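I opened the notebook to record what I looked up, one entry at a time. The structure goes in first.

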Amino acid sequence: MCGSGGSSSSGGGGSGAPRSTVVCPPRRPNPDQRYTVSCQWLDTEKYCGDDARLEVTCTPTPPDGSVDIEVLHPSGNSVLAQFSGHMTNGRMEGTWRTKAHAANWRDARLRFRGTVTSVGVMNTSSNQFRFRRRPTTEWSKIDRDHRCNGGFAPVVELHDARLEDNRVHYSMKLKLTGAGLSDARKTNAKTLVENTWNGGFNNRKFHRENCRRGDACDCQFDCCKAGFYLDLNFVTSGEHIAVEIVAAPAPPAQTPACCMGRTGARWYEPPFDESSVYAHEVGHALGQFDEYSTGGTDPSGTQPATPAAGDENLMSTGQNTTLLNRHYRRVLQYLNDNAGGDRYKIIPP
Amino acid sequence: MSFQELEYSLAELSTAPHVLTVQASGRARYETHTNAAWPDLPEIGVYETTLTADELRALNQALATPPLRDLPDHWGRVPSGDRCHRIKVRAYGQTTEKLIGTREPVDPRTQKLISYLDQVVAGVARRPVQVLRLTLSDAAVSAGGALAGVLTLASVGPQDLACRNPLGPPEPAPVRLSLEAWPDLPPGQLTAHHVARGAVAALEPLKLPPGASPTSLVVPLPAGESAAFRWRARLDFRMAGSHTVRLRLASDLSRAADFNLIHGELYSNMLKVPVPSTAVGAPAP
């Protein structure tokens with residue numbers, strides 16, 4: 001019965017009320033009769049991945065039979081999806097599993113065409129469907145403490161955040177004190193930190209929990225999915241956190257570990273490991289705990305004090321820039337707090 | 001009142017702190033997991049002794065006057081990553097724990113106790129039990145910029161020990177073997193920016209102790225035994241002339257195949273090597 005992306009039910013009125021059933025002989029089309037087909041979306045706005053209901057009616061009542069549904073490209077020149085339903089007593093109700101077709105899905109207004117095959121009459125929907133947009137927000141400051149195990153100061157979430165059309169956008173501003181960093185080293189640090197946190201999300205998406213296509217959803221656009229982007233900037237005022245830069249000791253003395261917090265942040269320059277240390281420290285200002293036994297670990301256990309074999313990551317192991325879904329859980333929380341009640345999760349799980 | 005157990009640790013290394021443990025009997029054990037703070041002593045391991053009655057009495061006194069629980073510390077204020085001391089005392093149903101970081105002034109009474117405990121550590125550290133030494137030898141830089149040499153892991157304490165085999169499988173936790181080199185510049189000119197680091201690219205066994213194979217996860221090292229490996233690496237030398245070179249061997253695996261493993265990071269002794277001008281900026285092979 002169903003074609004691509006749709007399904008149907010049928011019957012007069014669509015009411016769920018119990019009715020008596022009269023068995024009638026099959027109707028035959030009357031070649032002299034003029035049939036009128038009406039098509040309309042019952043749901044005119046849904047999120048991508050929801051099922052949108054549509055209805056086709058035909059008067060006078062034609063023989064029961066199939067109805068072909070074609071969801072039309074906004075240009076009207078092509079078909080985005082097609083499926084069949086069954087009309088009973090002159091009415092067919094179906095659903096289209098909505099799916100954005102292009103990057104400009106926000107502007108799309110979609111009609112569908114219904115063809116009652118038993119009488120060979122078609123029509124185009126009288127109304128239009130559009131995709132529901134995820135809310136967006138203005139910049140706001142996130143400022144939260146998260147208690148650590150072992151007597152360490154809380155890790156913080158201390159940055160600005162904004163929900164944009166296609167992503168959650170974080171902006172963190174650090175003011176460097178002490179020895180500071182040269183412009184070239186600032187650029188290097190910014191690039192490494194951003195590449196680590198943004199690159200770590202490259203193969204992930206925030207995805208609507210209610211998307212009917214599930215985790216395997218192949219949507220290519222920011223319709224039922226959202227991304228993440230972190231901006232790190234070094235500023236002279238208006239900072240979220242002040243970081244004291246200390247020149248690392250000359251060899252053979254070993255460079256001490258950096259530390260990060262609402263206060264008392266200290267970074268050694270150069271760090272012991274260029275590839276991971278500053279990104280690890282920024283992680284602490286994104287609400288991430290240490291995942292090593294002597295650090296400020298997570299009382300909830302969401303971030304284990306020692307990661308499972310193969311799960312070593314930026315917050316656990318030097319020279320490792322791997323990030324896991326759990327490291328984006330606070331970004332997910334921000335998205336869910338601002339997505340108008342439509343919850344998201346991270347895919348792949 | 002005497003303590004039942006004292007634990008004094010220093011988070012020098014993220015994965016495993018140095019830990020001194022003293023029992024009420026006076027039995028004292030000190031485990032080190034990095035020699036970063038004492039680069040001239042290329043050893044880490046386990047040290048044990050029994051404190052004399054006088055030493056034990058003095059330690060109890062140091063913990064009781066003033067009482068540890070009354071000493072100011074930095075609990076709840078030490079930022080993640082800070083190199084902190086932790087003092088934990090268990091005494092008949094009560095556990096008192098203090099955390100002292102580096103980002104705030106330390107109360108003089110607390111500092112006095114830390115200094116005392118450091119003296120206890122120094123005493124215990126004179127009694128090696130299971131100690132792993134990493135020796136670097138025969139290092140040289142070729143005209144093409146390749147660096148090669150020999151590393152030797154030796155058990156230099158009176159008891160047998162075991163450690164990760166640098167050639168062993170990467171699971172369940174890898175062994176990280178790397179090299180550091182810096183030019184021999186006058187004091188004041190040399191900075192941390194001059195340190196070149198690189199992973200050891202090739203390793204082959206020269207000598208293995210009985211019971212170890214080139215592919216085994218663990219190398220058991222009976223007291224006095226050693227294992228030797230030839231290594232090769234390439235560093236991005238930025239200038240010619242004499243350089244100081246050392247190895248760093250790091251492994252987080254604390255137990256495997258029924259062995260307690262000496263783990264942490266271990267820096268080798270330092271060697272001088274001449275770097276020819278042809279090795280500067282040499283392309284990777």
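The entries below follow the order in which I looked things up.

**Entry 1: the model**

I note at the start that this is a predicted model.

**Entry 2: chain B as a whole**

I began with the overall make-up of chain B. I found two helices and 18 strands in chain B. Taken along the principal axes, the C-alpha atoms of chain B fill a box of roughly 65 × 45 × 30 Å. I looked up burial next: of the 285 residues in chain B, 49% are buried. I then took the contacts in chain B between residues at least 6 apart in sequence, and 67% of these join residues at least 24 apart.

**Entry 3: two helices of chain B**

I wanted to describe how two helices pack. Two packed helices are described by the angle between their axes and the distance between the axes. I looked up both values for helix α1 (residues 53–64) of chain B and helix α2 (residues 108–124) of chain B: the angle is about 160 degrees and the axes are 10 Å apart. Because an angle over 145 degrees counts as roughly antiparallel, α1(B) is roughly antiparallel to α2(B). I also noted that the crossing of α1(B) and α2(B) is left-handed.

Which residues meet there? From α1(B) I listed Glu55(B), Ala58(B), Leu59(B), Ala62(B) and Leu63(B). On the α2(B) side they meet Leu113(B), Tyr116(B), Leu117(B) and Val120(B). Sorted by class, this contact of α1(B) with α2(B) has eight nonpolar residues, no polar ones and one charged one.

**Entry 4: a proline in chain B**

I looked up Pro39(B) and found it in the loop between β3 (27–31) and β4 (43–50) of chain B. Is Pro39(B) buried or exposed? Its relative accessible area is 14%, and because buried means under 20%, Pro39(B) is buried. Leaving aside neighbours within four places in sequence, I found Pro39(B) in contact with Pro252(A), Arg246(B), Ser268(B) and Met270(B). I also looked up a distance: Pro39(B) and Thr95(B) are 56 residues apart in sequence, and their C-alpha atoms are 35 Å apart in space.

**Entry 5: aromatic pairs**

Tyr170(A) lies in strand β13 (residues 167–178) of chain A and Phe228(A) in strand β15 (residues 225–234) of chain A, so the pair ties together parts that are 58 residues apart in sequence. Tyr170(A) is buried at 2% relative accessible area, and Phe228(A) counts as buried at 8%.

I then looked up Phe201(A) and Phe206(A), whose ring centres are 4.6 Å apart with planes at 35 degrees, so this pair is tilted. Both Phe201(A) and Phe206(A) are buried.

**Entry 6: helix α2 of chain A**

How many residues of helix α2 (residues 277–285) of chain A are buried? I found nine of the nine, so the helix is largely enclosed by the rest of the structure. Among the buried residues of α2(A) are His280(A), Glu281(A) and His284(A). I looked up what covers the buried residues of α2(A), and this includes β12 (155–163), β13, α1 (183–199) and β15 of chain A. Just after α2(A), Gly287(A) takes a positive phi of about 85 degrees.

Just after α3(A), Gly340(A) takes a positive phi of about 70 degrees.

I finished with His327(A), in the loop between α2 and α3 of chain A. His327(A) is buried, with a relative accessible area of 1%. Beyond its neighbours within four places in sequence, the contacts of His327(A) include Trp197(A), Gln288(A) and Glu291(A).

Key. Residues are numbered from 1 along each chain as its sequence is written. Chains are lettered from A and ligands numbered from 1 in the order in which they are written. This is a predicted model: local features need pLDDT of at least 70, side-chain atom pairs count only at pLDDT 80 or more; totals for chains, interfaces and linings use all residues. Side-chain values use heavy atoms; hydrogens and water are left out. Axes are lines fitted to C-alpha atoms, for helices over the stretch in contact, and angles run from 0 to 180 degrees between N-to-C directions. Helices (H or I, at least four residues) and strands (E, at least two) are DSSP runs, numbered from the N terminus. Angles under 35 degrees count as roughly parallel, over 145 as roughly antiparallel, 65 to 115 as roughly perpendicular and the rest as oblique. A crossing is left-handed if the near helix is turned anticlockwise from the far one by less than a right angle, and right-handed if clockwise. Contact means heavy atoms within 4.5 Å. Ala, Val, Leu, Ile, Met, Phe, Trp, Tyr, Cys and Pro count as nonpolar, Asp, Glu, Lys and Arg as charged, and the others, Gly among them, as polar. Buried means under 20% relative accessible area, exposed over 50%, partly exposed in between (1.4 Å probe, protein chains only). Rings of Phe, Tyr and Trp (its six-membered ring) pair if their centres lie within 6.5 Å; planes under 30 degrees apart count as stacked, over 60 as edge-to-face and the rest as tilted.
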